There are 2 protein chains.
Amino acid sequence: MRLVIIGGVAAGLSAASRARRLDASLDITVLEKTPHISYGACGLPYYIEGQVRSLDQLKVYTPEFFARERRIQVRTKAEVIGISHGRRELTLSGGERVPYDKLVIATGARREMPAGENLFKLDTWADAERLQAFLQQRRPRRAAIVGGGYIGMEAAEALRTQGLAVEIYQRSGDLLKRQDAWLTGLVAKHLERCRVVVHWNYGGGLPDADLVIIAAGMKPNVKLAVDAGIEVGRTGALRVTERMETNLHGVYAAGDCAEAMHLVTGRAVWMPLGTTANKMGRVAGGAAAGARERFPGIVGTSIVRVCGLGVGLTGLSEAQARKEGFVPVSAQVAGLDKNRYFRGKAVHVSLTADRRTGRLLGGAVVGEENVAGRTNVIATALYQRMPVEDFAQLDLAYAPPFATVWDPLLVAAQQLDKLLH
Amino acid sequence: MRLVIIGGVAAGLSAASRARRLDASLDITVLEKTPHISYGACGLPYYIEGQVRSLDQLKVYTPEFFARERRIQVRTKAEVIGISHGRRELTLSGGERVPYDKLVIATGARREMPAGENLFKLDTWADAERLQAFLQQRRPRRAAIVGGGYIGMEAAEALRTQGLAVEIYQRSGDLLKRQDAWLTGLVAKHLERCRVVVHWNYGGGLPDADLVIIAAGMKPNVKLAVDAGIEVGRTGALRVTERMETNLHGVYAAGDCAEAMHLVTGRAVWMPLGTTANKMGRVAGGAAAGARERFPGIVGTSIVRVCGLGVGLTGLSEAQARKEGFVPVSAQVAGLDKNRYFRGKAVHVSLTADRRTGRLLGGAVVGEENVAGRTNVIATALYQRMPVEDFAQLDLAYAPPFATVWDPLLVAAQQLDKLLH
């Protein structure tokens, strides 16, 4: 039985490793079109920033490791240009044919951009290498970033740390795709403090600067799959079952090219993130090896550091919830991460609930400390459709070095609960 | 309508404030036997340690504040020595009678100890004042701590920071009342690194040292209530309903003198902690003011810092689960808090589940960073009786400055899930 996987980063290699673990007899091949496999793409901005000294620090495993330790053949610079599912066969760019019995598609996402000597993106190993070379050789002073999503924020932080003047050009009046004025306000204020200029509702062409980073227009990379007859959902990403199977029997999709079920809305969404890619890959590999694993879905959790400020998001914002047919109510509070005598820093929490059911729908946490932990508490509650009334009673850990006796999460939930009654 | 509250720290003042908020017409009196009200008792060890410069920093509100802002009369040095529920009347130590219509008992916990010039405890404002004076005037060098619970750990940390040689005398072979060899091993190893000596299974009398801290033998302070006919549960603490009402109609109990429902076992427990005291007080005050609030219970969450190491506990350990009739299975993993290039420190996670139902029963997190956040994720899952299988799929926040792509929580859950099948 031959399992072939297209894509050698997060989802693809998770699939390969999981399949091997479950079935020692499988013949497993991973085809990666670039020279680089198994690296933490989420770390690329921190290479530009300088926290990561060398791109090699982002590498997890080598093709040799996979061959030796897991008997997985990983081929780099192997670009698949066609899938013929009738013949169970792939065609590589050099003309070579690769047969398969089971196939996992992990072709990721892509960002289209015009070519230009000072135009960059920050999605792949090659992108980071090229940007870093430009920074070192050309010593640019003024950077423009197109897009106010998380890559835009990370690029802004990295380039500010490198001493560049940074301006963000954002098509909407909103940051981090949340349609949340409270959140956008907090983040914009912090960007201002860090002397990052934001141009709102920018409709012009490419901005004028020494270097321009395109951090907008990300799309699922699905052409290869679509050409082979694989269906996409309304999001434009590949539609998959809970077992990550596409409409073609024995063909699975995982990672940034695939949709995931949003457990708050019950609808498929496209949220390309490293954690989800790894989880999907694991399930796709398991399913390809015949296991009964499933990936129930996501609750839309993400976190980004914006010039030192942590911003954690999960579930839906109020505007997003309204669009999904809920009747949302929200509460925002500002509190302290810890007691004053432990120099607790400000932490901002927003929670949104459905007025009709009292169910928590989403939340955001903004602050310098313990943002991930608080976001994850909300995410865990969302996973289980927790009512706000219960959330307000959560038994959270308290001791002075770690928290305040009434955590801002609980205070926000109390206030929200009051609005529901 | 007269509401009287016995006890002016966490639970008592939460009750008073909540009642006032719900009913502007109530006549509210708080009786506190000591001169000090409204202070963060959990901060006392950090006063000894030096992080808190003055005990006044632990004060939250003054009696004047309560009188002026909330129309709550707070009387200090007012010790109640008798409750006559038939007459709805209290007797103070001076002989004065105080009538009530509704009563909240928040008499806290107590620790009996022999008198001795170099014998101390660290539970109250007066305890901390006396210990601090001794440290400054007598410059003791060798401290002995009787008890290996969280107060023992906090006292050890505080005195080590002050440069004393510290030895802990523990009656059992276990730390933090968890009956968990893995946890005890991790904490003991860290104590050794901090040059704190632990004497296990200590059965002798009082140890010989320049100063001795009694951090064992804490009991609910219920004599006053019991004398008035209020029932205690099997834990020895006051038995209460979800509305914090005792067996006497119109008499509520809250905080360290009362039991709480453990939501994992469905049985009442006595776990005296500041967060729970505040929540209980809030509900007791609400109930006394006629609201329909309830306190569903706790999942047994706590956190303690041990010489810089964070130790978070929630739910049941394997041994505790077995005693409660579960068929527990556990998994322990060591991982990183963040990626190596963000200098992620070691984090240890243990999870326990019930083999028969697959339900998560408890967990422990040990590490230097983000211990509270991870503990709280487990606590949130426990609150909702989450199966381990679901826990392993949680959509937790990931970006390199904050976490690793497979959080140790998820890795532990995957391993535990494997053991269940």
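The model described here is predicted.

### Around β7 of chain B

β7(B) has strand β1 (residues 2–6) of chain B as a parallel partner, with 4 bridges in the pairing. Within that pairing, Ile5(B) stands opposite Val104(B). β7(B) is also joined to strand β15 (residues 251–253) of chain B, again in parallel, by 3 bridges. Here Val104(B) has Tyr252(B) as its bridge partner.

### The open sheet of chain B

Another sheet in chain B is open and consists of 5 strands in the order β18-β19-β22-β21-β20, with antiparallel pairing. Which strands stand at its edges? They are β18 and β20 (328–336) of chain B; each has a single partner strand, so one side of each is left without a neighbour in the sheet. On average, and with direction ignored, neighbouring strands of this sheet are turned by 15 degrees against each other.

The partner of β20(B) is strand β21 (residues 346–354) of chain B, and the two pair in the antiparallel sense over 9 bridges. In this pairing Val333(B) stands opposite Val349(B). Helix α12 (residues 408–420) of chain B lies across β20 and β21 of chain B and runs at about 150 degrees to β20(B).

### β22 of chain A and its neighbours

In chain A, strand β22 (residues 360–367) is mostly covered, with 8 of its 8 residues buried. Strand β19 (residues 309–315) of chain A pairs with β22(A) in the antiparallel sense over 6 bridges, and Gly315(A) has Gly362(A) as its bridge partner there. Strand β21 (residues 346–354) of chain A is joined to β22(A) by 7 bridges and also runs antiparallel to it. In that pairing Thr352(A) stands opposite Gly362(A).

β21(A) and β22(A) form a hairpin with 5 residues between them. Gly358(A), in the turn, has a positive phi of about 75 degrees.

| Strand pair | Sense | Bridges |
|---|---|---|
| β1(B) and β7(B) | parallel | 4 bridges |
| β7(B) and β15(B) | parallel | 3 bridges |
| β20(B) and β21(B) | antiparallel | 9 bridges |
| β19(A) and β22(A) | antiparallel | 6 bridges |
| β21(A) and β22(A) | antiparallel | 7 bridges |

### Domains of chain A

Chain A is divided into domain 1 (2–38 + 60–109 + 219–288), domain 2 (113–214) and domain 3 (308–420). The centres of domain 2 and domain 3 of chain A, taken over C-alpha atoms, are separated by 29 Å. The contact between these domains takes 9 residues from domain 2 of chain A and 12 residues from domain 3 of chain A. On the domain 2 side, the residues divide into 5 nonpolar, 2 polar and 2 charged.

### How the two chains meet

Between the chains, 52 residues of chain B are in contact with 52 residues of chain A. On the chain B side, the elements that give two or more residues are α8 (274–288), β18 (302–306), β19 (309–315) and α10 (371–383). The largest share, 11 residues, comes from α10(B). By residue type, this side of chain B divides into 28 nonpolar, 19 polar and 5 charged.

Chain B can be laid on chain A by a turn of 180 degrees and a shift of 0.0 Å along the axis, with an RMSD of 0.0 Å. The two copies are thus related as by a two-fold rotation axis. In chain B, the C-alpha nearest this axis belongs to Gly373(B) and lies 1.8 Å from it. Of the interface residues of chain B, 100% are also interface residues in chain A, so the copies meet through the same surface.

### Val377 of chain A

Helix α10 (residues 371–383) of chain A contains Val377(A). Is Val377(A) buried or exposed? Val377(A) is buried, because 29 other C-beta atoms lie within 10 Å, and 20 or more are needed for that class. Leaving aside neighbours within four places in sequence, Val377(A) is in contact with Leu409(A) and, in chain B, with Asn376(B), Val377(B) and Thr380(B). Val377(A) and Leu394(A) are 17 residues apart along the chain, and their C-alpha atoms are separated by 9.6 Å.

Key
Residues are numbered from 1 along each chain as its sequence is written. Chains are lettered from A and ligands numbered from 1 in the order in which they are written. This is a predicted model: local features need pLDDT of at least 70, side-chain atom pairs count only at pLDDT 80 or more; totals for chains, interfaces and linings use all residues. Two residues are in contact if their C-beta atoms, placed from the backbone, lie within 7 Å. Ala, Val, Leu, Ile, Met, Phe, Trp, Tyr, Cys and Pro count as nonpolar, Asp, Glu, Lys and Arg as charged, and the others, Gly among them, as polar. Copies are superposed by least squares on the C-alpha atoms of residues with pLDDT of at least 70 in both. Domain bounds come from an automatic or database domain assignment. Two strands pair if DSSP finds at least two bridges between them. Axes are lines fitted to C-alpha atoms, for helices over the stretch in contact, and angles run from 0 to 180 degrees between N-to-C directions. A residue is buried if 20 or more other C-beta atoms lie within 10 Å of its own, exposed if 12 or fewer, and partly exposed in between; C-beta atoms are placed from the backbone.
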